[in-house]
Amino acid sequence: MTSADERPARLDVGVVGAGRVGAVLGAALQRAGHRVVAVSGVSEQSRTRAAQLLPGIPVVAPDDVVRRAELVLLAVPDDALADLVAGLAATRTWQAGQLVAHTSGRHGLEVYAPALEQHVLGLALHPAMTFTGTGLDLERLVECCFGVTAPEPLRPVAEALVLEIGAEPVWIEESARPLYHAALAHGANHLVTLIAQSLQALRAAGVEEPSRVLGPLVSAALDNALRAGDAALTGPVARGDAGTVAEHLRQLQSLSPDIRPTYVALARATAERALASGRLKPHVAEPLLDILATDQERQ
């Protein structure tokens, strides 16, 4: 944690977007000693979330949030961010010297271009975490990482804000933010789909509590992968068991149509990485890759 001398002054914080991320980060900043003065939210779910996590904080229009705040937190979808910044710039709503932090993983500082003539101080603070929009997230924020991009003079301020809520700032260059975000989305979002498919297949196999069976295996695999990367690979693809993989494909045919193509794509990627690392020998991989290629052509 930062010392008292390193912390930024207590700020009046406004949150634009009381979605799962915005309401939680607003509550985290409030817990760190800042003052949340206003929040915006359009949907009933957003307003309910704001009432639960930021009780007593007025819910107002986005432009009113900006007018009341010294630090504006923009927690809106990636595709809406640029238009929001530009719209507030067009109405001359931004205030000179105002800190503005967005939570987009994809975007860096380029989205602030329309507001620069109004002298805003833009930051990009992306939490590498999945959110439920409940108090549970406040504890998950502790020790998670934030992808931080800021003008060099503001880097200490950006990092201090992250440290204050108990998280760890990780510096991401402006040009690398789209790749950084793609990596996180591929690892986390696609993992949800993969687990849901596996649970579905286990239910089809007659397993009454599929999460109980899959949970320990996946937890161990994730831990091993984080520690060892490709070296953690086990299973039929890593062994080149073409017959087993062919039988898997036959069994998956009866399930929802998204599962088998996913299995084929991931098995092929797994085989290629195992080949590249030398864990799978070319003569062993050949029949396996033939089966996967043939199945892919049939789809």
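Predicted model: local features only at pLDDT ≥ 70, side-chain atom pairs only at ≥ 80, totals over all residues.
Is Glu152 buried or exposed? I looked this up first, and Glu152 counts as exposed because its relative accessibility is 52% (buried is under 20% relative accessible area, exposed over 50%, partly exposed in between, with a 1.4 Å probe and protein chains only).

Residues are numbered from 1 along each chain as its sequence is written, and side-chain values use heavy atoms, leaving out hydrogens and water.

Next I placed Glu152: the loop between strand 6 (145-149) and helix 6 (155-164) holds this residue (helices are DSSP runs of H or I with at least four residues, strands runs of E with at least two, numbered from the N terminus).

Then I turned to salt bridges (a side-chain nitrogen of Lys or Arg within 4 Å of a carboxyl oxygen of Asp or Glu). The structure has 13 of them.

Arg155 is partly exposed at 25%, and Glu159 is partly exposed at 21%.

I also checked helix 3 (residues 62-68), where Arg67 and Asp63 sit four residues apart, about one helical turn. Their closest N and O atoms are 3.3 Å apart in a salt bridge. Arg68 bridges to Asp64 at 3.1 Å, again four residues apart in helix 3.
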